[in-house]
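Please look over the sequence and the structure below before reading on. The paragraphs that follow go through a few selected places, one after another.

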Amino acid sequence: MRQSHARFAQMYERYIRLSPLPACHRLNDGGFWREVTARSNEEGELMGIVVIHPGNVDTETLEAEKKKLSEYFSSGPGSACALSALYVQECAHSRCSSDQAPYQLLFGKPHLVERVNNCDFVVSPGSFFQVNTRAAAALYAVIEECCSPSLGTTLLDVCCGTGTVSLMMAPRVKETIGMDISQQSIDDAHRNLNLNGTKNGTFLCGRTDEVLARVLHTLSGREVIAVVNPGRAGLTPKSVRALRSCAEVKRIVYVSCNPEGQAIKDLVSFCDTDPKDERLGGKAFELARAVPVDLFPHTLHCELVLQLDR
């Protein structure tokens with residue numbers, strides 16, 4: 001953990017210990033203060049994100065507390081953290097997306113900018129971005145090597161997040177099409193498109209299976225490579241069937257943060273030569289390469305990059 005992150009957590013702890021409002025240990029037990037997140041870039045800029053439960057106080061108290069929190073970190077004892085930005089999210093559920101509970105900027109810059117492999121990326125409070133930037137650079141190099149595209153390739157960036165794969169691969173392909181369910185991630189992807197001056201990229205927001213249904217039928221006769229980077233739950237069965245059924249998709253580069261879980265099931269569905277599910281159409285893929293990348297040193301977890309060809 002970076003010292004700046006630890007310092008922010010310590011100053012936040014001091015603040016809530018002095019607060020008359022209680023901590024929220026369980027949603028059903030009441031409480032106000034829920035959790036805190038620190039995000040930083042390689043330049044050392046630090047963003048703080050405080051999540052609170054808004055349902056246990058009146059509006060006047062809520063607004064007053066946000067003002068006090070802002071003053072504490074901007075001009076009070078917490079200013080020692082030198083935050084570039086402080087956000088608060090009013091979340092009454094176990095977890096809220098930015099669409100359900102927008103992040104509110106109390107002070108500072110609206111986002112951080114991180115540079116990876118000669119590309120700049122906007123990082124907003126709720127958007128996904130690899131936390132280990134230097135190891136992420138190695139991960140994206142492996143993805144690029146597995147793709148081995150041509151200048152005539154159409155790259156599908158499935159579960160694209162803020163568009164990292166699309167933007168890094170854009171100079172090596174004809175076009176990129178990214179898709180993600182998070183509107184904030186797609187908004188950041190569009191910002192990143194403009195930030196890097198990329199002209200051959202498109203980003204679409206929606207459920208992966210629904211976006212694939214709209215996009216794949218437009219790719220007839222093209223050379224298509226799909227990079228798939230889903231969350232721990234993997235792809236939906238509809239998304240697997242759509243990609244496998246599209247004859248133009250000759251290669252899939254599957255990036256998994258949970259290789260011992262759903263990724264195995266997806267791999268079997270893509271590569272099964274005699275599937276029991278009659279809906280799994282198209283020619284089966286073959287596993288050509290598997291490359292583990294250690295993004296999380298000193299833990300048991302790693303990312304696994306799978307190259308599937310047909």
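Leaving aside neighbours within four places in sequence, which residues is Val240 in contact with? This is a predicted model, and in it Val240 has its place in helix H7, which covers residues 237-245. Once the neighbours within four places in sequence are set aside, the residues in contact with Val240 are Leu235, Asp266, Ser269, Phe270 and Leu280. One of these, Asp266, lies 26 residues away from Val240 along the chain, and yet the C-alpha atoms of the two are separated by 7.0 Å. Val240 has a relative accessibility of 3%, and because buried means under 20%, Val240 counts as buried.

The helix that holds Val240 also has a helix partner, for the axes of helix H6 (residues 208-215) and H7 come within 8 Å and cross at roughly 25°. Since angles under 35 degrees count as roughly parallel, H6 and H7 are therefore described as roughly parallel to each other. The crossing in which H6 passes H7 is left-handed. On the side of H6, the residues that take part are Thr208, Asp209 and Leu212, and they meet Lys238, Ser239, Ala242 and Leu243 of H7.

Helix H1 (residues 3-18) and helix H2 (residues 59-74) have axes that come within 11 Å and cross at roughly 135°, which makes H1 oblique to H2. The crossing of H1 and H2 is right-handed. Here Phe8, Met11, Tyr12, Arg14 and Tyr15 of H1 meet Glu65, Lys68, Leu69, Tyr72 and Phe73 of H2. The residues of this contact divide into 7 nonpolar and 3 charged, with no polar ones.

The last stop is Thr133, which is found in helix H3, a helix of residues 133-147. Is Thr133 buried or exposed? Thr133 has a relative accessible area of 9%, and because the limit for buried is under 20%, Thr133 is buried. Apart from its neighbours within four places in sequence, Thr133 is in contact with Glu42, Glu114, Arg115 and Val116. With one of these, Glu114, there is also a polar contact of 3.1 Å, which joins the side chain of Glu114 to the side chain of Thr133.

Conventions. Residues numbered from 1 in each chain as written. Predicted model: local features only at pLDDT ≥ 70, side-chain atom pairs only at ≥ 80, totals over all residues. Heavy atoms only, no water. Axes fitted to C-alpha atoms, helices over the stretch in contact; angles between N-to-C directions. Helix = DSSP H or I, 4+ residues; strand = E, 2+ residues; numbered from the N terminus. Parallel < 35°, antiparallel > 145°, perpendicular 65-115°, else oblique. Left-handed = near helix turned anticlockwise from the far one by under 90°. Contact = heavy atoms within 4.5 Å. Nonpolar A, V, L, I, M, F, W, Y, C, P; charged D, E, K, R; others polar. Buried < 20%, exposed > 50% of the residue type's maximum accessible area, 1.4 Å probe, protein only. Polar contact = N/O pair within 3.5 Å; in protein donor to acceptor, adjacent residues only side chain to side chain.
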